[in-house]
Amino acid sequence: MNVESIHKGMEERAMDPQFLKDIFALYDPNDYGDTESDCQLGYQKLLPVLNEEQKTSLEQMEQAYTHRREYAAKYGFKCGILGAIRQLFGLSRAQHSGFQDLLCDDLLTQPNMQRHQENYANVELCNQMEQIIMDTLYEDDREHLVSISCAWQQRVYSAAHHAFYCGYRSGWDIIEAIMPMAKAQNTNKILDTEYAMGVIHP
């Protein structure tokens with residue numbers, strides 16, 4: 001029995017394109033103030049003044065951000081499962097359940113993000129393409145590129161955030177299936193986590 005191939009197949013089916021589509025659909029532009037509207041304005045102002053070479057660089061930057069968004073969703077889901085398990089055994093602060101230290105401090109923050117080599121290559125590509133475009137823009141147009149980049153960064157964060165919560169809830173469902181009373185006994189921790197993550201409101 002090839003356990004490794006079975007596990008790989010399970011993971012690929014669990015995190016298929018539909019999973020990514022569902023996670024991305026949870027992104028609400030209204031959660032991020034004017035970031036998304038500024039981004040759309042940035043595209044409207046910037047695209048007419050870009051030459052073909054600059055447009056190619058922008059497309060490469062967008063593709064790299066898309067890959068980062070996908071990675072954040074897949075990795076975030078796994079972190080959420082571990083977060084529930086750690087919370088069960090009192091290994092993390094209840095109000096965070098590992099969202100900050102397992103995910104944000106690791107995947108989205110220097111220097112820890114460098115250990116995710118595949119993802120970090122796309123981080124560097126985003127920075128490189130943005131700098132190439134920035135260096136060839138008139139000063140008045142540069143703010144529009146910044147607006148576009150900021151929106152993409154928020155989309156990456158949103159994917160990580162929502163996927164972590166999905167993994168967290170899945171983790172508790174697994175725990176409950178094996179330890180029927182565990183979830184009920186940890187209701188306060190779960191509610192604290194959901195409040196801290198902005199899932200529920202007072």
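Phe-99, Leu-103 and Cys-104 of helix H5 are in contact with Tyr-157, Ala-160, His-161 and Phe-164 of helix H7, contact being taken as heavy atoms within 4.5 Å. By class, the residues of this contact between H5 and H7 comprise six nonpolar, one polar and no charged, where Ala, Val, Leu, Ile, Met, Phe, Trp, Tyr, Cys and Pro count as nonpolar, Asp, Glu, Lys and Arg as charged, and the others, Gly among them, as polar. The structure is a predicted model, in which local features need pLDDT of at least 70 and side-chain atom pairs count only at pLDDT 80 or more, whereas totals for chains, interfaces and linings use all residues. Residues are numbered from 1 along each chain as its sequence is written, and side-chain values use heavy atoms, with hydrogens and water left out.

The chain contains nine helices and zero strands, these elements being DSSP runs numbered from the N terminus (helices, H or I, at least four residues; strands, E, at least two). Read from the N terminus, the order of elements is accordingly α-α-α-α-α-α-α-α-α, and the C-alpha trace spans about 60 × 50 × 30 Å along its principal axes.

The axes of H5 (residues 99-107) and H7 (residues 139-178) come within 11 Å of one another and cross at roughly 150°, with axes fitted as lines to C-alpha atoms, for helices over the stretch in contact, and angles running from 0 to 180 degrees between N-to-C directions. H5 is therefore roughly antiparallel to H7, given that angles under 35 degrees count as roughly parallel, over 145 as roughly antiparallel, 65 to 115 as roughly perpendicular and the rest as oblique. The crossing of H5 and H7 is right-handed; a crossing is called left-handed if the near helix is turned anticlockwise from the far one by less than a right angle, and right-handed if clockwise.

Helix H2 (residues 17-25) packs against H7 at an angle of about 115°, the axes lying 9 Å apart, which means that H2 is roughly perpendicular to H7. The crossing in which H2 passes H7 is right-handed, and the residues that make the contact are Phe-19, Ile-23 and Phe-24 on the H2 side and Ala-159, His-162, Ala-163 and Cys-166 on the H7 side. This contact of H2 with H7 includes six nonpolar, one polar and no charged residues.

For helix H3 (residues 35-46), the axis comes within 8 Å of that of H7, and the two cross at roughly 135°, so H3 is oblique to H7. H3 passes H7 in a left-handed crossing. From H3, the contact draws on residues including Thr-35, Glu-36, Asp-38, Tyr-43 and Leu-46, and from H7 on residues including Asp-141, His-144, Ile-148, Trp-152 and Arg-155. The classes represented in the contact of H3 with H7 are eight nonpolar, six polar and five charged residues.

Between H5 and H6, the loop contains Pro-111, and the peptide bond from Gln-110 to Pro-111 is cis, with omega near 0°.

Grid points are joined across faces, edges and corners, and a volume is the space filled by probe spheres set on the points. By this rule there is one cavity of 30 Å³ or more. The largest cavity holds about 40 Å³ of space and is lined by Arg-68, Ala-72, Leu-107, Leu-108, Met-113, Asn-119, Val-123 and Val-156; helices H4 (52-88) and H6 (117-135) are the elements that give two or more residues to this lining. Its lining residues divide into six nonpolar, one polar and one charged.

The largest pocket has about 320 Å³ of space, and of the 14 residues that line it, Glu-11, Glu-70, Tyr-71, Lys-74 and Glu-118 are the closest to its centre. Helix H1 (3-14), H4 and H6 each give two or more residues to this lining, to which H4 gives the most, with six residues. Three nonpolar, five polar and six charged residues make up the lining of the largest pocket. The second largest pocket, of about 210 Å³, is lined by residues including Asp-31, Tyr-32, Tyr-157, His-161, His-162 and Met-197, and its lining divides into five nonpolar, three polar and one charged.

Terms used:
1 Å grid on protein atoms, 1.4 Å probe; cavity = no way out; pocket = protein on both sides within 12 Å on 5 of 7 lines; lining within 4 Å.
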